[in-house]
Amino acid sequence: MRRFYKGLIALLMICMLAGCGKKSNKQETDKELFVIGFSQVGAESDWRLANTRSMQETFTNERGYELLMENAMQQQDNQFAAVRRFILEDVDLIVIAPTTEEGWDILLEEVHEAGIPVIIMDRSVAVWNRDLYLTNIGSNFLEQGEEAISWIETNLPVAEDEPLKVLHLKGTDGSTAQLMRTRALEEADQRHEDWTIVQQLNGDFTEAKGYEVMTNYLKHSQDFDVIYSENDNMTFGAMRALDEAGITYGENGKVKIVTFDATKRALQLCLEGKINLCVECNPLHGPLVEELIQKYRNGEQIQETVYISESVFTKENLTQEFIDQRTY
Ligand code: GZL
């Protein structure tokens, strides 16, 4: 009997040591991983999917991170709930790609009080206290809009007796991308007496909504010269509606198309002469965000705003080889 108890004690000892070893290993492993809570806008567009991929490919366990990503389905309230969960989980840092600019003051104060650093990515937030986040990394959306306007001014001459008629497809109301791309167009419209914005439709950056609002509008009027569409997915929906209405577009079409994002699909259509101008919006934020996080962890100074580099594409400066090597 004594041998039995001796064996049992030995077995318990082995289990305890193995367990402790596992626990300390697990603690050790957790301690090594830098935990990032990431509140993503949604999955509304090809651009967004590429942006998510960039973050997931950058912040892997193998590279020393644990990425807790939550998709807000384009609802700001879902982002508030997600960030509050990140606070409870006491993550090391929070990245927010904000749906819209307004409404973040209270939530970011809560994160600040919890002592968790925040990086705002892609779009911006409009808050009273700029110290509530480390930096804002994304695109210069106003510059993107001004690039599109410059192309229209250069390439779309205005007829003698007719104003240039612009149909405006707007992205998600109140998002920085929408606010700034719209500002560029509206300021140009103010400058040009011979331009007119015939209608501003809200396509919410999705293909389905772009198709819906364009289809409805075409029942009302087909009298416009250029579509200024604030992202490619709304453009794809609009093109489907134009096809169904028998309206030609692109290089030799009745209607010219200017679009933002420059996704692979849009660039291909541009090369084929179906889209006239693609203004790039680079979604590959992952590596830049990691660079900023490393700077923060090393106690280095971080710029308040970091713009990612971007280009403008037309049929003239595109090649099939270039498009084929694009990652988004
Ligand atoms: C731009 C980004 C916009 C894209 C859309 O940085 O916020 O949101 O232009 C996306 O495709 O939905």
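N282 is found in the loop between β10 (277-280) and α10 (286-297), with helices (H or I, at least four residues) and strands (E, at least two) taken as DSSP runs and numbered from the N terminus. N282 counts as buried because its relative accessibility is 12%; buried means under 20% relative accessible area, exposed over 50%, and partly exposed in between, with a 1.4 Å probe and protein chains only.

Before moving on, note that this is a predicted model, in which local features need pLDDT of at least 70 and side-chain atom pairs count only at pLDDT 80 or more, while totals for chains, interfaces and linings use all residues. Residues are numbered from 1 along each chain as its sequence is written, and side-chain values use heavy atoms, with hydrogens and water left out.

Next, turn to the aromatic rings. Rings of Phe, Tyr and Trp (for Trp, the six-membered ring) pair if their centres lie within 6.5 Å, and planes under 30 degrees apart count as stacked, over 60 as edge-to-face and the rest as tilted. By this rule there are six aromatic pairs. Select F34 and Y65: their ring centres are 6.3 Å apart and their planes stand at 90°, so the pair is edge-to-face. This pair links distant parts of the chain, with F34 in strand β1 (residues 34-40) and Y65 in strand β2 (residues 65-71), 31 residues apart. Both F34 and Y65 are buried. F59 and Y65 are both buried, and F34, F59 and Y65 form one aromatic cluster.

For charges placed over rings, select R240, which lies over the face of Y211 at 3.9 Å from the ring centre, and then K254, which lies over the face of F224 at 5.5 Å from the ring centre. The rule here asks for NZ of Lys or CZ of Arg within 6 Å of the ring centre and within 35 degrees of the ring normal.

Finally, colour helix α8 (residues 232-245) and helix α9 (residues 264-271). Which residues meet between α8 and α9? D232, F236 and M239 in α8 meet R265, A266 and L269 in α9.

Key. Contact = heavy atoms within 4.5 Å.
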